[in-house]
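Me: I've got a model open and I'd like to talk it through with you. Can we go over it piece by piece?

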Amino acid sequence: MSQSFLPPDTPQFRRLWEAQEGLCALCGKPMPGSRAEMAHATLWKKWRPTYDHIIALARGGADHESNLQLAHAMCNKRKGMG
């Protein structure tokens with residue numbers, strides 16, 4: 001399945017992006033604003049911004065903006081494996 005060229009264009013995403021100043025909440029490094037900023041689609045797949053639940057839904061966390069942060073896809077995956 002191909003990845004979207006741009007991150008979601010929603011008010012919630014923009015608020016989180018601005019609050020985090022475009023930085024990954026897990027590693028603190030900048031997240032790309034679009035696929036055009038990456039040399040290859042494989043890099044976009046790993047470094048693209050994704051929603052991360054601060055407290056996992058499975059552990060009683062809410063699916064609400066107050067429980068969401070943005071993280072690189074690979075950071076989010078790594079967190080889920082730990």
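At 3% relative accessibility, Asp-52 counts as buried, where buried means under 20% relative accessible area, exposed over 50% and partly exposed in between (1.4 Å probe, protein chains only).

Me: Before we go on, what kind of model is this, and what pLDDT do local features need?
Reply: Residues are numbered from 1 along each chain as its sequence is written, and side-chain values use heavy atoms, with hydrogens and water left out. This is a predicted model in which totals for chains, interfaces and linings use all residues, side-chain atom pairs count only at pLDDT 80 or more, and local features need pLDDT of at least 70.

Me: Back to Asp-52, then: which residue forms a salt bridge with it?
Reply: A salt bridge here is a side-chain nitrogen of Lys or Arg within 4 Å of a carboxyl oxygen of Asp or Glu. For Asp-52, the closest N and O atoms of the pair are 2.9 Å apart, and the partner is Lys-79.

Me: How many residues apart in sequence are the parts that Asp-52 and Lys-79 tie together?
Reply: Lys-79 is partly exposed, because its relative accessibility is 33%. Asp-52 forms a salt bridge with Lys-79. Asp-52 lies in strand β1 and Lys-79 in helix α3 (residues 73-81), so the pair ties together parts whose separation in sequence is 27 residues.

Me: How many salt bridges does a search of the whole structure find?
Reply: Asp-52 and Lys-79 form one of them. Arg-14 and Asp-9 also meet through their side chains, at 2.4 Å, N to O, and so do Glu-65 and Arg-15, at 2.7 Å, N to O. Searching the whole structure gives three.

Me: Which parts does the pair Glu-65 and Arg-15 tie together?
Reply: At 23% relative accessibility Glu-65 counts as partly exposed, and Arg-15 does too, at 45%. The side chains of the two meet in a salt bridge. The pair ties together parts that are 50 residues apart in sequence, since Glu-65 lies in the loop between β1 (49-53) and β2 (68-72) and Arg-15 in helix α1 (residues 11-19).

Me: And Asp-9, is that buried or exposed?
Reply: Asp-9 is in a salt bridge with Arg-14, and Arg-14 counts as partly exposed at 38% relative accessibility. Asp-9 has 65% relative accessibility, so it counts as exposed.

Me: Which residues is Asn-67 in contact with, leaving aside neighbours within four places in sequence?
Reply: Asn-67 is found in the loop between β1 and β2, and its relative accessible area of 7% makes it buried. Contact means heavy atoms within 4.5 Å. With neighbours within four places left aside, the list for Asn-67 is Asp-52, His-53, Ile-54, Ile-55, Gly-61 and Ala-62.

Me: What separates the C-alpha atoms of Trp-44 and Pro-32?
Reply: Trp-44 has its place in helix α2 (residues 41-47) and is buried, with a relative accessible area of 3%. Trp-44 and Pro-32 are twelve residues apart along the chain, and their C-alpha atoms are separated by 7.9 Å.

Me: How far apart in space are Lys-29 and His-72, C-alpha to C-alpha?
Reply: Lys-29 sits in the loop between α1 and α2 and is partly exposed, with a relative accessible area of 47%. Its contacts, leaving aside neighbours within four places in sequence, are Gly-22, Leu-23, Cys-24 and His-72. Lys-29 and His-72 are 43 residues apart in sequence, while the C-alpha distance is 8.8 Å.

Me: Which residue has a positive phi although it is not a glycine?
Reply: The residue is found in the loop between α1 and α2, and it counts as exposed at 66% relative accessibility. Its phi is about 55 degrees, and the residue is Glu-21.

Me: Last one: what share of the 82 residues counts as buried?
Reply: Asp-52, Trp-44 and Asn-67 are among the buried residues. Of the 82 residues of the chain, the buried share is 29%.

Terms used
Helices (H or I, at least four residues) and strands (E, at least two) are DSSP runs, numbered from the N terminus.
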